[in-house]
Amino acid sequence: MANILVVDDEMGIRELLSEILGDEGHVVTTAENAQEARDLLKSSAPDLILLDIWMPDTDGVTLLKEWQRDNALTMPVIMMSGHATIDTAVEATRIGALNFLEKPIALQKLLKTVQQGLSHNKELVHPVSYLRPSSISASAALTQPQQPAASFSPPQPMYASHGIATQFTTANTNTASISFDLPLREARDAFERAYFEYHLARENGSMTRVAERTGLERTHLYRKLKQLGVEPGKAARRAAI
């Protein structure tokens with residue numbers, strides 16, 4: 001888990017990144033302009049910053065230069081923009097940014113870049129301002145997802161002798177009963193809800209590992225959970241009780 005600061009003047013972008021990174025277990029703080037970002041950097045000391053280039057008061061590159069000048073870049077900074085040129089991206093990297101994300105940001109690219117930044121942060125001895133573009137490829141290796149604990153017991157199906165029902169036991173021993181008397185669509189939704197809640201509990205809410213376990217692409221997984229009304233954070237918290 002890491003503390004991540006997202007700086008973007010678009011509320012939709014801030015909310016989306018907060019939701020995605022929050023589901024990964026990170027603590028996300030957001031700022032809608034440069035002044036808020038300055039204040040939060042002083043008060044919260046984030047592990048990673050996602051910084052938009054085009055903002056109405058002070059643009060991200062100018063803010064990055066300011067932080068670099070003040071020796072405030074003790075964490076990786078990843079720039080974001082939907083309109084920046086290659087020259088802008090290179091300039092941002094030259095003055096201290098670790099990487100650059102182009103909007104609309106692909107989900108897998110976001111997660112890999114954030115993981116790269118956090119992995120790099122653990123190895124930092126000097127401030128990020130010492131980075132050069134060549135360091136991007138050198139730190140591109142991602143950490144491997146953790147394997148579930150060996151002591152974990154998979155759910156066991158149980159069949160009631162009266163009024164046949166199937167129960168699936170999740171990691172925190174909560175059960176979801178699915179009646180065979182339900183219409184097919186409702187029974188299928190109930191099964192899928194129990195199925196995803198089980199895997200979310202098993203993987204402590206990690207959407208990356210749940211996607212790998214279930215064989216779904218991350219974007220499809222998010223849509224599916226939203227359709228079923230399953231909240232990843234709540235499922236993980238229930239597992240910890």
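Biologist: At 40% relative accessibility, how does Glu-10 count: buried, partly exposed or exposed?

Modeller: Buried means under 20% relative accessible area and exposed means over 50%, with partly exposed in between. This is a predicted model, and in it Glu-10 counts as partly exposed because its relative accessibility is 40%.

Biologist: With which residue does Glu-10 form a salt bridge?

Modeller: Side chains of opposite charge can pair when their charged atoms come close. Here the partner of Glu-10 is Lys-103, with 3.8 Å between the closest N and O atoms. Glu-10 sits in the loop between β1 (3-7) and α1, and Lys-103 in the loop between β5 (99-102) and α5, so the pair ties together parts 93 residues apart in sequence. Lys-103 counts as buried, because its relative accessibility is 15%.

Biologist: Which side chain meets Lys-103 in a salt bridge at 3.2 Å, N to O?

Modeller: That of Asp-52. Asp-52 belongs to strand β3 (residues 48-52), so its pairing with Lys-103 ties together parts that are 51 residues apart in sequence. Both Asp-52 and Lys-103 are buried. Through shared partners, salt bridges join Asp-8, Glu-10, Asp-52 and Lys-103 into one network.

Biologist: How many salt bridges does the count come to?

Modeller: The count is 10 salt bridges. One of them links Arg-38 and Glu-66, whose closest N and O atoms are 2.8 Å apart. Arg-38 lies in helix α2 (residues 34-44) and Glu-66 in helix α3 (residues 60-69), so this pair ties together parts 28 residues apart in sequence. Arg-38 counts as buried at 17% relative accessibility, and Glu-66 counts as buried at 18%.

Biologist: Which residues of helix α4 are buried?

Modeller: In α4 (residues 86-94), Ala-89, Ala-92 and Thr-93 are buried. Viewed down the helix axis, the buried residues fall within an arc of 100°, so they line one face of α4. Just after this helix, Gly-96 has a positive phi of about 140°.

Biologist: Now the second largest pocket. Which residues lie nearest its centre?

Modeller: Leu-16, Glu-19, Ile-20, Leu-107 and Tyr-222 do, out of a lining of 20 residues. The volume of this pocket is about 470 Å³. The elements giving two or more residues to its lining are α1 (11-23), α5 (107-123) and α9 (218-228). Helix α1 supplies the largest share, 6 residues.

Biologist: How do the residues of that lining divide into nonpolar, polar and charged?

Modeller: The lining of the second largest pocket has 13 nonpolar residues, 1 polar and 6 charged.

Definitions and conventions
Residues numbered from 1 in each chain as written. Predicted model: local features only at pLDDT ≥ 70, side-chain atom pairs only at ≥ 80, totals over all residues. Heavy atoms only, no water. Buried < 20%, exposed > 50% of the residue type's maximum accessible area, 1.4 Å probe, protein only. Helix = DSSP H or I, 4+ residues; strand = E, 2+ residues; numbered from the N terminus. Arc of directions from axis to C-beta. 1 Å grid on protein atoms, 1.4 Å probe; cavity = no way out; pocket = protein on both sides within 12 Å on 5 of 7 lines; lining within 4 Å. Points joined across faces, edges and corners; volume = space filled by probe spheres on them. Nonpolar A, V, L, I, M, F, W, Y, C, P; charged D, E, K, R; others polar. Salt bridge = Lys/Arg side-chain N within 4 Å of Asp/Glu carboxyl O.
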